Amino acid sequence: MKPLNSLRFRMNALFRRSQVNAEMDDELSAHLQLRADDLERSGLPRAEAERRARIEFGGYSRVKEECHEEAGGTFVESVGQDLRLAVRMLRKSPGFTLVAVVTLALGIGANALVFAVLNALILRPLDLPQAHSLYGIEDKGGSGYESYPDYLDLRDRNRSFESLAAFNITQAGLDTGKDPAPVWVYETSGNYFDTLGVQPHMGRVLHASDEHGENSAPYIVLSHAFWHSHFQDNPGVVGKTVQLNKHPYTIVGIAPPAFHGTLLFFSPDIFVPIVNHEQLGGPGVLNDRGKRWVFELLGHLKPGVTPAQAVTDLNSVGAYLEESYPKEDGNISFALGRPGLYGSFLGGPVKAFVAGLMLLAGLILLAACANLGSLFAARAADRSREVALRLALGSSRGRILRQLMTEATLIALMGGALGLVGSIAMLRQLSEWQPFPRFPIHVPVSPDAKVYVVALVLALVSGLLFGIVPVRHVFRTSPYEIVKAGSTGMVGRRITARDVLLVVQIAICAVLVTASMVAVRGLMRSLHSSFGFDPENVVLAESELSMAGYSGDKVPVMQKRMIDAVATIPGVQSVGLSNTVPLNMDSGTGTVYSDKETDLRPSNAAAKPYLFNVSPGYFEATGTTVLAGRTFSWHDDENAPRVAVVNREFARRVLGSAEDSVGRYYKTKDGVRVQVVGIVENGKYFNLTENQEAALFVPILQSPMSQSWMAVRSSRDPEQMIPAVREKLRELDSGLPVYIQPWTKEIQGVLFPMRMATVSLGILGVMGAMLSITGIFGMAAYSVSKRIREFGIRIALGAQRKEVLRPALGRAFKLLAVGSVAGLVLGLMATRVLASIVYQATPRDPLVLAGVVLAMLLLGLVATWIPAQRALAADPLVLLHEE
Amino acid sequence: MTDQAQILPGTLDLLILRAVSLGPLHGYGILLRIGQISGNALLIEQGALYPGLFRLVRQGLLKASWGTSENNRKAKFYELTAAGRERLQEETDNWNRLVTAIGAALAPQAEEA
C-alpha cells in the first residue's frame with residue numbers, strides 16, 4: 001500500500017477512535033449474538049447459549065486491542081497514551097519533576113548560552129555578502145597596523161585581492177549646531193564600501209572616486225544607529241553640512257541598518273574618508289611610511305586564489321617594500337586572518353576563552369545527565385513494583401521501556417525549553433550590555449536557528465542518555481520475585497561509577513566555589529587597596545582640543561584657561577590636567593637613560609616608565625602623595641630648564657635610591673638631561689595586576705599635548721559637579737566636545753576583567769553547587785527509600801536519631817567530604833592562574849578556606865535535609881501496613 | 001473435534017479471502033463458510049478472525065459495510081475488492097505450487113525404496 005494511504009488510515013483510526021471503538025463493539029457483539037442464536041437453535045436456553053458464545057470467542061479485549069493494532073491506529077495512539085501517562089506520573093511527583101527539569105535546564109541553558117556566543121563570535125562570519133572569501137591582512141605578530149603609503153602599495157601591487165580596503169578607528173568632535181560631542185569614526189579607504197559590497201540605506205556611500213589627495217574628501221556616511229539616535233531617522237540630513245573637528249563636512253548618506261563596520265565588537269558612529277586623516281587629529285602622518293597607524297587592511301580574495309597563494313603574493317610585495325624603503329620597512333612578513341575579531345590578535349584569545357567555556361558547559365551538562373541518570377534509576381527502583389505488575393498483566397518490556405523513555409524525553413524537552421528561555425534572556429542582556437561606557441563596545445550575540453537546533457538536540461540526546469540508565473533495571477525485573485518480596489533490595493556497598501561521578505562533580509563544584517571566593521576576596525581587596533591616587537570625589541573631564549580646532553601654541557593657553565575657569569566653581573579644591581590618567585588603559589611609555597649613560601641605544605635604557613604630561617595642580621587633584629621635593633608650577637615652561645617628577649620605583653631604578661634623589665638627573669633618548677625635582681608615591685598605572693612599574697611625570701608646558709584629562713577634586717558630590725564643570729567649559733568654548741565622568745566610574749574599565757572572572761566563576765559555582773545538591777539528594781533519597789523499612793524498625797526498637805542518620809546519610813557525606821577536599825586542593829592550585837586576572841588573588845586566606853568548607857557543608861545539609869527527614873519520620877506501623 | 005487441524009500460520013487470510021469470494025459475509029458467516037468449504041476440518045479460534053479482517057480491510061483487499069443478517073441482526077458484511085480478488089488468485093496459485101512441491105518432496109521415492 002502507498003505510504004500516504006497508510007498514513008491517512010492511521011490518522012483516521014486515531015481521530016475516529018471512539019467511533020471505531022463503538023463499531024468494533026457492535027461487530028463483535030453481533031458475532032456473539034449470531035453464535036448464541038445458533039446455539040439456542042441447537043437446544044440450549046438463551047442465557048446458557050450467550051455464555052457459551054462468549055467462552056468460545058476468547059479474550060474479548062485482547063481481540064479488540066489486536067483489531068486496533070491491525071487497523072493501524074496503534075503506534076500514534078500508544079505514544080499518545082504514553083504521553084498522557086507520563087504527564088500523570090510526573091504530576092504525581094512534582095518534586096522529582098522540578099529537580100529533574102531544573103537540573104537539565106541548567107545544563108542545557110549553559111550550553112545554549114555558550115554555543116550562542118561561539119556561534120556569534122566565531123562560527124558566524126561578518127554579516128556581509130560572500131563573507132567566506134573576506135580576509136584581513138596581519139603581520140606575523142597578529143597585529144594589522146600598516147602605514148598609509150604601504151597600504152597604497154599593497155593595494156596596487158598585490159594580485160590576489162579583488163580590491164583591498166583599509167580602515168582606521170579614531171574619535172572626532174562632531175558639531176551639528178547643538179551640543180558638540182565626540183563620536184567614534186571609521187576612517188575608511190575610498191573603496192571600503194564597494195570592496196565589502198555595502199549599499200547605502202539612503203544617499204550614497206563613499207567611493208574611490210572621492211579621493212583626490214590629502215583632506216580632499218570632506219564627506220560623512222552616518223551609521224544607521226547614529227542616524228536613528230541623533231537625527232531621529234530624519235532623511236533631510238543627507239546633504240547637510242556639519243562641523244567635524246571644526247572642519248565643514250557634508251553628510252552624503254546613511255549606511256544600511258545591518259552594517260556596523262568590520263569589527264564585531266566595535267560599532268562606529270560615522271564613516272569618513274581616510275585621506276582626511278590630518279583633519280581628524282593625525283597631522284603629518286598620512287604620507288609618512290614609517291608611521292603604522294592604519295588599523296586593518298581587508299578584502300575579498302579573487303576566485304580561485306587560496307589564502308596560501310595570497311600570503312606568498314603579499315610577501316613578494318613586502319619584499320619589494322623592504323628593498324625600496326629599507327629605512328621604514330624592515331622584515332615584513334604577512335599572514336591572513338578573519339576580519340571581525342581583528343584576525344588572530346583578538347580572535348586567538350576569544351577562541352581560547354570560548355573553548356574553555358564550552359568545555360565547562362559540557363562538563364556541566366555531563367554532570368546534569370549523570371545526576372538525572374541516578375535520579376531516574378532511583379525512581380525506576382521505586383517503581384519496580386509497578387513495572388513488575390505491568391509485566392505480570394501482560395505488558396511487553398518494550399512497551400514499558402517506551403513509557404520510561406517518553407517520560408525522560410518529556411523532562412528533557414521541558415528542561416531544554418526552560419534552559420533555552422533562560423539563555424535567551426541572558427543573551428539579550430549580554431547584547432545590550434556596554435562594558436565600557438566610553439567606548440561603543442558591545443557583544444553582538446543573538447540566538448539564531450542554529451542555537452535552537454543545538455539546544456533541541458542536546459535536550460533529546462541527554463534525555464536518551466539518562467533515560468537509558470534504568471533500562472537494565474527493567475530488563476532484570478522478574479515480576480514474580482518483586483511482587484512476592486516487595487522492595488527490600490539492599491543498597492550495594494561497592495563503589496559504583498555513579499559514586500565516582502558524584503565525587504568528581506562535588507570536586508568540580510568545590511573548585512568553582514574556591515575560585516570564586518578567591519576572586520571575590522581579591523576584588524574586594526583591590527577596591528580598597530592603594531592605587532597611588534585617590535579616585536573618590538574626583539570628576540574627570542576628557543577633551544581632545546584638536547577636535548575644537550586648537551593646535552600648537554593655542555593648546556597650553558586653552559588648557560590653562562580651562563583649569564583656571566573650573567577652579568572658580570564653588571567647592572572645587574584642586575584642578576589638574578594630564579594627557580592621560582593612570583588605569584585608563586591608554587597610558588604611553590617613554591624611554592629613559594641613566595645620567596651616566598653615553599651610548600643611547602634602546603637596549604641600554606635604564607627604564608621604560610609610564611609617561612604622564614601633567615599640569616600644575618595635577619598631584620593635588622588626583623590625590624597623589626608627594627614624598628620629597630616639589631611639584632610643577634606654571635613657571636616650568638619651555639623657557640625653563642627641563643624638570644620631571646618621578647615615582648619611587650623610577651627613583652630606585654634610574655636614580656639609584658628611592659629616598660634622596662631629588663635634584664639628580666636622567667637622560668632622554670635624545671640625550672637631554674632632565675632634573676628630577678620631586679618624588680611621589682608608587683601606584684598602579686596600566687592595570688591592577690601589574691608588577692610595580694616606574695612612572696615619569698613631565699610638565700605639560702614643556703611637552704604640550706592636546707589630549708586633556710582634567711581631574712577636578714571637590715568637596716561636593718561628583719554627580720553635582722558634572723553639570724557645573726560642563727557649564728564652565730561650555731562658557732569657554734561651546735564647540736569643544738567634553739566627556740565628563742566621576743573617576744570612580746571611569747576606573748570600572750580596569751576592574752572589568754576581574755569583575756567578569758568573578759561573576760562568571762560565581763555563576764558557574766552556583767550551577768556546580770545546584771548540580772551537586774541534586775546529585776547528593778538523588779543518592780541520599782535513593783538509599784533512604786531503599787532502607788526505609790529498616791529505619792522504621794530501628795526507630796521502633798528505640799534507635800537514636802544519630803543511629804538512624806548514620807546509615808542513611810553516611811555514604812552521602814563521605815562522598816561529599818572526599819569530593820570537597822579534592823576540589824579545595826585543586827581550587828587552590830587553580831588560583832595561581834586566577835592571580836593573573838584578579839589583583840591580589842591569594843589562596844592563603846583563612847577566610848576563603850573557611851568559606852569553602854562552610855559552603856560545602858551547607859550544600860550537604862541542604863541536599864540531605866529532605867531524605868534525613870524522611871528517614872527520621874519512618875513510622876514502622878505505616879510501613880508494615882504497606883507490605 | 002480431534003480430527004480438526006490447526007491452520008498453518010499465514011493461511012487464515014487466504015481462507016478469509018476464499019470464503020468471501022463466494023459472496024458478501026459477516027464475520028460469523030465467514031467462520032461458518034470456512035467450516036463448510038473445508039468440511040469442518042479446520043479449527044479457527046473465533047476471536048482470531050477479527051484482527052485478520054481488520055488487517056485485510058487496511059490492506060484494501062476487503063471492503064466492509066453494515067447490513068442485516070438473515071435473522072435480522074445488524075452486522076458488518078465483508079466483500080472482496082478488485083485487489084482482493086487478484087490477491088486471492090495469486091495466493092491460490094502460490095498455495096497450489098507449494099502443495100505440489102511439498103507433496104512431491106514427501107512422496108515415497110523410487111530410489112529410496
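**Notes on the predicted model, chains A and B**

1. Let's start with chain B, where β2, β5 and β4 make up an open three-stranded sheet, in that order and with antiparallel pairing. The edges are β2 (25-26) and β4 (62-68) of chain B, each of which pairs on one side only. Keep in mind throughout that this is a predicted model.

2. On the β2 side of that sheet, two bridges connect β2(B) with β5 (residues 74-80) of chain B, and the two strands run antiparallel. As a reminder, strands of a sheet pair through backbone hydrogen bonds, either parallel or antiparallel.

3. Next, the helices against this sheet. Helix α1 (residues 11-21) of chain B lies across β2, β4 and β5 of chain B, and runs at about 100 degrees to β5(B). Helix α3 (residues 49-58) of chain B also packs on the sheet, where it touches β4 and β5 of chain B, with its direction at about 120 degrees to that of β4(B).

4. Over to chain A, which has 27 helices and 22 strands. Of its 883 residues, 43% count as buried. Take the chain A contacts between residues at least 6 apart in sequence: 81% of them join residues at least 24 apart.

5. The largest nonpolar core has 124 residues, and those touching the most other members are A:Ile220, A:Leu540, A:Leu696, A:Met710 and A:Val712. Where does this core lie relative to domain 3 (131-339) and domain 5 (538-746) of chain A? Both domains give residues to the core, so it lies between them. A second, separate core has 97 residues, including A:Leu263, A:Val518, A:Ala769 and A:Ala874.

6. A:Met710 deserves a look of its own. Leaving out residues up to four places away in sequence, A:Met710 touches A:Leu540, A:Ala541, A:Met562, A:Ile563, A:Val566, A:Val575 and A:Leu577.

7. A:Ile569 is in the loop between α18 (554-567) and β12 (572-578) of chain A. Is A:Ile569 buried or partly exposed? A:Ile569 is partly exposed, because 16 other C-beta atoms lie within 10 Å, and being buried takes 20 or more. Beyond its neighbours within four places in sequence, A:Ile569 is in contact with A:Ala724, A:Val725 and A:Lys728. Its C-alpha is also 9.2 Å from that of A:Ser714, although 145 residues separate A:Ile569 and A:Ser714 in sequence.

8. Last one: helix α12 (residues 384-392) of chain A has A:Ser384, A:Val387, A:Ala388 and A:Leu391 as its buried residues. They cover an arc of only 100 degrees around the axis, so they are on the same side of α12(A).

Definitions and conventions. Residues numbered from 1 in each chain as written. Chains lettered and ligands numbered in written order. Predicted model: local features only at pLDDT ≥ 70, side-chain atom pairs only at ≥ 80, totals over all residues. Helix = DSSP H or I, 4+ residues; strand = E, 2+ residues; numbered from the N terminus. Buried ≥ 20, exposed ≤ 12 C-beta atoms within 10 Å, placed from the backbone. Contact = placed C-beta atoms within 7 Å. Arc of directions from axis to C-beta. Core = buried A, V, L, I, M, F, W, Y, C linked by C-beta atoms within 7 Å. Domains from an automatic or database assignment. Pairing = 2+ DSSP bridges. Axes fitted to C-alpha atoms, helices over the stretch in contact; angles between N-to-C directions.
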